[in-house]
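Dear colleague,

Please find below the structure that I am handing over to you.

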Amino acid sequence: MEGNGSIDMFSEVLENQFLQAAKLVENHLDSEIQKLDQIGEDELELLKEKRLAALRKAQQQKQEWLSKGHGEYREIGSERDFFQEVKESEKVVCHFYRDTTFRCKILDRHLAILAKKHLETKFLKLNVEKAPFLCERLRIKVIPTLALLRDGKTQDYIVGFTDLGNTDDFTTETLEWRLGCSDVINYSGNLMEPPFQSQKKFGTNFTKLEKKTIRGKKYDSDSDDD
(Lines give C-alpha, C1' and ligand atoms only; values in the text may rest on other atoms or scores of the structure.)
Protein backbone atom coordinates (compact mmCIF):
# COMPACT_ATOMS: atom_id res chain seq x y z
CA MET A 1 0.00 0.00 0.00
CA GLU A 2 2.89 2.34 0.80
CA GLY A 3 4.21 1.83 -2.73
CA ASN A 4 0.90 2.82 -4.26
CA GLY A 5 0.75 5.86 -2.01
CA SER A 6 4.20 7.00 -3.15
CA ILE A 7 3.22 6.59 -6.81
CA ASP A 8 0.03 8.56 -6.28
CA MET A 9 1.96 11.34 -4.53
CA PHE A 10 4.54 11.44 -7.32
CA SER A 11 1.81 11.60 -9.96
CA GLU A 12 0.12 14.41 -8.10
CA VAL A 13 3.38 16.41 -7.93
CA LEU A 14 3.94 15.95 -11.68
CA GLU A 15 0.40 16.99 -12.42
CA ASN A 16 0.77 20.13 -10.30
CA GLN A 17 4.02 21.04 -12.05
CA PHE A 18 2.40 20.53 -15.45
CA LEU A 19 -0.55 22.71 -14.48
CA GLN A 20 1.76 25.45 -13.21
CA ALA A 21 3.77 25.41 -16.45
CA ALA A 22 0.59 25.54 -18.52
CA LYS A 23 -0.65 28.45 -16.44
CA LEU A 24 2.59 30.39 -17.05
CA VAL A 25 2.28 29.86 -20.80
CA GLU A 26 -1.36 30.91 -20.71
CA ASN A 27 -0.52 34.06 -18.74
CA HIS A 28 2.23 34.95 -21.23
CA LEU A 29 -0.13 34.52 -24.17
CA ASP A 30 -2.78 36.60 -22.43
CA SER A 31 -0.21 39.34 -21.87
CA GLU A 32 0.84 39.36 -25.55
CA ILE A 33 -2.78 39.43 -26.70
CA GLN A 34 -3.47 42.31 -24.34
CA LYS A 35 -0.53 44.26 -25.80
CA LEU A 36 -1.92 43.74 -29.31
CA ASP A 37 -5.36 44.83 -28.17
CA GLN A 38 -3.88 48.03 -26.76
CA ILE A 39 -2.27 48.98 -30.06
CA GLY A 40 -4.52 51.51 -31.71
CA GLU A 41 -5.43 51.66 -35.37
CA ASP A 42 -3.04 54.58 -35.87
CA GLU A 43 -0.09 52.57 -34.51
CA LEU A 44 -0.98 49.57 -36.67
CA GLU A 45 -1.18 51.83 -39.70
CA LEU A 46 2.22 53.32 -38.83
CA LEU A 47 3.79 49.87 -38.55
CA LYS A 48 2.26 48.92 -41.88
CA GLU A 49 3.60 52.09 -43.53
CA LYS A 50 7.11 51.48 -42.16
CA ARG A 51 7.05 47.94 -43.52
CA LEU A 52 5.84 49.10 -46.93
CA ALA A 53 8.46 51.86 -47.01
CA ALA A 54 11.21 49.31 -46.28
CA LEU A 55 9.92 47.06 -49.06
CA ARG A 56 9.77 49.97 -51.51
CA LYS A 57 13.32 51.00 -50.62
CA ALA A 58 14.61 47.45 -51.10
CA GLN A 59 12.87 47.23 -54.49
CA GLN A 60 14.31 50.58 -55.59
CA GLN A 61 17.78 49.45 -54.55
CA LYS A 62 17.37 46.23 -56.52
CA GLN A 63 16.29 48.13 -59.63
CA GLU A 64 19.24 50.50 -59.26
CA TRP A 65 21.68 47.57 -59.07
CA LEU A 66 20.11 45.90 -62.10
CA SER A 67 20.33 49.14 -64.10
CA LYS A 68 24.07 49.21 -63.39
CA GLY A 69 24.61 45.70 -64.67
CA HIS A 70 24.42 43.76 -61.41
CA GLY A 71 22.74 40.36 -61.38
CA GLU A 72 24.75 38.86 -64.24
CA TYR A 73 28.36 37.89 -64.83
CA ARG A 74 29.56 40.09 -67.70
CA GLU A 75 32.68 40.50 -69.80
CA ILE A 76 34.03 43.99 -70.35
CA GLY A 77 36.22 44.82 -73.31
CA SER A 78 38.75 47.39 -72.15
CA GLU A 79 40.55 49.12 -69.31
CA ARG A 80 38.35 52.18 -69.84
CA ASP A 81 35.26 50.00 -69.31
CA PHE A 82 36.78 48.67 -66.09
CA PHE A 83 37.23 52.13 -64.57
CA GLN A 84 33.71 53.18 -65.57
CA GLU A 85 32.11 50.00 -64.15
CA VAL A 86 34.04 50.25 -60.88
CA LYS A 87 33.13 53.92 -60.51
CA GLU A 88 29.41 53.12 -60.70
CA SER A 89 29.20 50.40 -58.05
CA GLU A 90 30.19 50.12 -54.40
CA LYS A 91 31.19 46.44 -54.56
CA VAL A 92 32.88 44.82 -57.56
CA VAL A 93 34.48 41.45 -58.26
CA CYS A 94 36.58 41.39 -61.44
CA HIS A 95 38.02 38.17 -62.87
CA PHE A 96 41.26 38.75 -64.78
CA TYR A 97 41.40 35.79 -67.13
CA ARG A 98 43.08 34.31 -70.19
CA ASP A 99 41.37 32.07 -72.75
CA THR A 100 44.08 29.40 -72.62
CA THR A 101 43.95 28.95 -68.84
CA PHE A 102 41.42 26.23 -68.05
CA ARG A 103 41.08 27.25 -64.40
CA CYS A 104 39.54 30.52 -65.57
CA LYS A 105 36.64 28.51 -66.99
CA ILE A 106 36.16 26.86 -63.59
CA LEU A 107 35.88 30.29 -61.97
CA ASP A 108 33.47 31.44 -64.69
CA ARG A 109 30.97 28.77 -63.68
CA HIS A 110 30.99 29.72 -59.99
CA LEU A 111 30.96 33.48 -60.60
CA ALA A 112 27.92 33.21 -62.89
CA ILE A 113 26.01 31.56 -60.04
CA LEU A 114 27.10 34.10 -57.42
CA ALA A 115 26.29 37.07 -59.67
CA LYS A 116 22.64 36.05 -59.71
CA LYS A 117 22.58 35.43 -55.94
CA HIS A 118 24.40 38.58 -54.80
CA LEU A 119 22.77 41.52 -56.55
CA GLU A 120 24.59 43.90 -54.22
CA THR A 121 27.87 43.14 -56.02
CA LYS A 122 28.89 43.63 -59.64
CA PHE A 123 30.66 40.61 -61.21
CA LEU A 124 32.92 41.23 -64.21
CA LYS A 125 35.61 39.51 -66.27
CA LEU A 126 38.41 41.11 -68.28
CA ASN A 127 40.92 39.47 -70.62
CA VAL A 128 44.43 40.30 -69.42
CA GLU A 129 45.64 40.62 -73.02
CA LYS A 130 43.34 43.66 -73.38
CA ALA A 131 44.44 45.31 -70.15
CA PRO A 132 48.28 45.40 -69.88
CA PHE A 133 48.36 48.78 -68.11
CA LEU A 134 45.70 47.79 -65.60
CA CYS A 135 47.33 44.43 -64.86
CA GLU A 136 50.64 46.14 -64.15
CA ARG A 137 48.96 48.78 -62.01
CA LEU A 138 47.11 46.14 -59.96
CA ARG A 139 50.18 43.85 -59.96
CA ILE A 140 48.29 40.96 -61.49
CA LYS A 141 50.91 38.34 -62.39
CA VAL A 142 49.05 35.05 -61.84
CA ILE A 143 46.05 33.93 -63.89
CA PRO A 144 43.31 33.57 -62.79
CA THR A 145 43.14 36.44 -60.31
CA LEU A 146 40.03 38.00 -58.80
CA ALA A 147 40.33 41.66 -57.86
CA LEU A 148 37.92 42.58 -55.06
CA LEU A 149 37.01 46.26 -54.99
CA ARG A 150 34.99 48.54 -52.74
CA ASP A 151 34.24 52.19 -53.45
CA GLY A 152 36.59 52.16 -56.43
CA LYS A 153 39.56 50.82 -54.46
CA THR A 154 41.09 47.35 -54.57
CA GLN A 155 40.65 45.76 -51.14
CA ASP A 156 41.92 42.25 -51.74
CA TYR A 157 42.85 39.61 -54.31
CA ILE A 158 42.10 35.93 -54.77
CA VAL A 159 45.13 34.58 -56.62
CA GLY A 160 44.73 31.18 -58.24
CA PHE A 161 42.94 28.60 -56.10
CA THR A 162 45.17 28.76 -53.01
CA ASP A 163 42.48 30.38 -50.88
CA LEU A 164 39.84 28.00 -52.24
CA GLY A 165 41.37 24.78 -50.95
CA ASN A 166 44.11 24.41 -53.59
CA THR A 167 41.82 22.19 -55.66
CA ASP A 168 39.92 22.51 -58.94
CA ASP A 169 36.91 20.91 -57.24
CA PHE A 170 36.14 23.72 -54.77
CA THR A 171 32.46 24.50 -54.29
CA THR A 172 30.57 27.69 -55.08
CA GLU A 173 29.98 27.98 -51.33
CA THR A 174 33.74 28.05 -50.74
CA LEU A 175 34.22 30.94 -53.17
CA GLU A 176 31.22 32.70 -51.64
CA TRP A 177 32.77 32.36 -48.18
CA ARG A 178 36.11 33.72 -49.43
CA LEU A 179 34.40 36.75 -50.99
CA GLY A 180 32.53 37.25 -47.72
CA CYS A 181 35.83 37.36 -45.84
CA SER A 182 36.75 40.44 -47.86
CA ASP A 183 33.32 42.01 -47.29
CA VAL A 184 32.72 42.33 -51.01
CA ILE A 185 29.39 40.47 -50.75
CA ASN A 186 26.75 40.30 -48.02
CA TYR A 187 27.64 36.91 -46.56
CA SER A 188 25.02 35.32 -44.31
CA GLY A 189 27.09 32.37 -43.10
CA ASN A 190 29.68 32.11 -40.34
CA LEU A 191 33.02 33.47 -41.55
CA MET A 192 34.76 31.59 -38.75
CA GLU A 193 33.62 28.27 -40.24
CA PRO A 194 34.96 27.86 -43.80
CA PRO A 195 32.97 25.32 -45.84
CA PHE A 196 36.01 23.08 -46.22
CA GLN A 197 35.93 19.35 -45.56
CA SER A 198 39.19 19.65 -43.65
CA GLN A 199 40.47 23.03 -42.56
CA LYS A 200 43.84 21.54 -41.59
CA LYS A 201 44.32 20.11 -45.05
CA PHE A 202 43.43 23.23 -47.01
CA GLY A 203 44.39 26.02 -44.64
CA THR A 204 42.94 29.52 -44.68
CA ASN A 205 45.85 31.69 -45.84
CA PHE A 206 44.84 34.65 -47.98
CA THR A 207 47.22 35.76 -50.70
CA LYS A 208 47.84 39.49 -50.79
CA LEU A 209 49.25 40.10 -54.24
CA GLU A 210 50.36 43.64 -53.52
CA LYS A 211 53.16 42.24 -51.36
CA LYS A 212 54.72 40.45 -54.35
CA THR A 213 57.36 42.05 -56.55
CA ILE A 214 56.74 42.55 -60.25
CA ARG A 215 59.00 40.46 -62.47
CA GLY A 216 58.73 41.27 -66.15
CA LYS A 217 55.46 41.38 -68.08
CA LYS A 218 54.84 37.67 -68.62
CA TYR A 219 51.80 36.30 -66.80
CA ASP A 220 52.27 33.26 -64.61
CA SER A 221 49.48 30.72 -64.78
CA ASP A 222 47.93 28.81 -61.95
CA SER A 223 46.89 26.14 -64.46
CA ASP A 224 48.93 23.00 -64.99
CA ASP A 225 47.90 22.91 -68.64
CA ASP A 226 49.83 26.03 -69.62
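The buried residues of helix α6 are covered by, among others, β2, α4 (102-117), β3, β5 and β6. Here buried means under 20% relative accessible area, exposed means over 50%, and partly exposed lies in between (1.4 Å probe, protein chains only). Helices (H or I, at least four residues) and strands (E, at least two) are DSSP runs, numbered from the N terminus.

This is a predicted model, in which local features need pLDDT of at least 70 and side-chain atom pairs count only at pLDDT 80 or more, while totals for chains, interfaces and linings use all residues. Residues are numbered from 1 along each chain as its sequence is written, and side-chain values use heavy atoms, with hydrogens and water left out.

To continue with α6: eight of its 10 residues are buried, namely T172, T174, L175, E176, W177, R178, L179 and G180. Contact means heavy atoms within 4.5 Å; axes are lines fitted to C-alpha atoms, for helices over the stretch in contact, and angles run from 0 to 180 degrees between N-to-C directions. Just after α6, D183 takes a positive phi of about 60°.

Two strands pair if DSSP finds at least two bridges between them.

Strand β2 is mostly covered, with seven of its seven residues buried. On one side these are K91, V93, H95 and Y97, and on the other V92, C94 and F96. β2 runs antiparallel to β5, to which six bridges join it, and K91 stands opposite R150 in β5. With β3, the pairing of β2 is parallel, over six bridges; Y97 stands opposite N127 in β3. Strand β5 (residues 145-150) is in turn joined to β6 by six bridges in the antiparallel sense, where A147 stands opposite Y157.

Turning to charged pairs, a salt bridge is a side-chain nitrogen of Lys or Arg within 4 Å of a carboxyl oxygen of Asp or Glu. By this rule there are 11 salt bridges. The side chains of R74 and E85 meet in one of them, at 2.9 Å from N to O. Because R74 lies in strand β1 and E85 in helix α3 (residues 79-88), this pair ties together parts that are 11 residues apart in sequence. Both R74 and E85 are buried.

E85 also forms a salt bridge with K122, with the closest N and O atoms 2.7 Å apart. K122 lies in strand β3 and E85 in helix α3, so the pair ties together parts that are 37 residues apart in sequence. K122 counts as buried, at 0% relative accessibility, and E85 has a relative accessible area of 13%. Salt bridges with shared partners join R74, E85, E88 and K122 into one network.

A further salt bridge links K68 and E64, whose closest N and O atoms are 3.1 Å apart. K68 is partly exposed, at 26% relative accessible area, and so is E64, at 37%.

With kind regards
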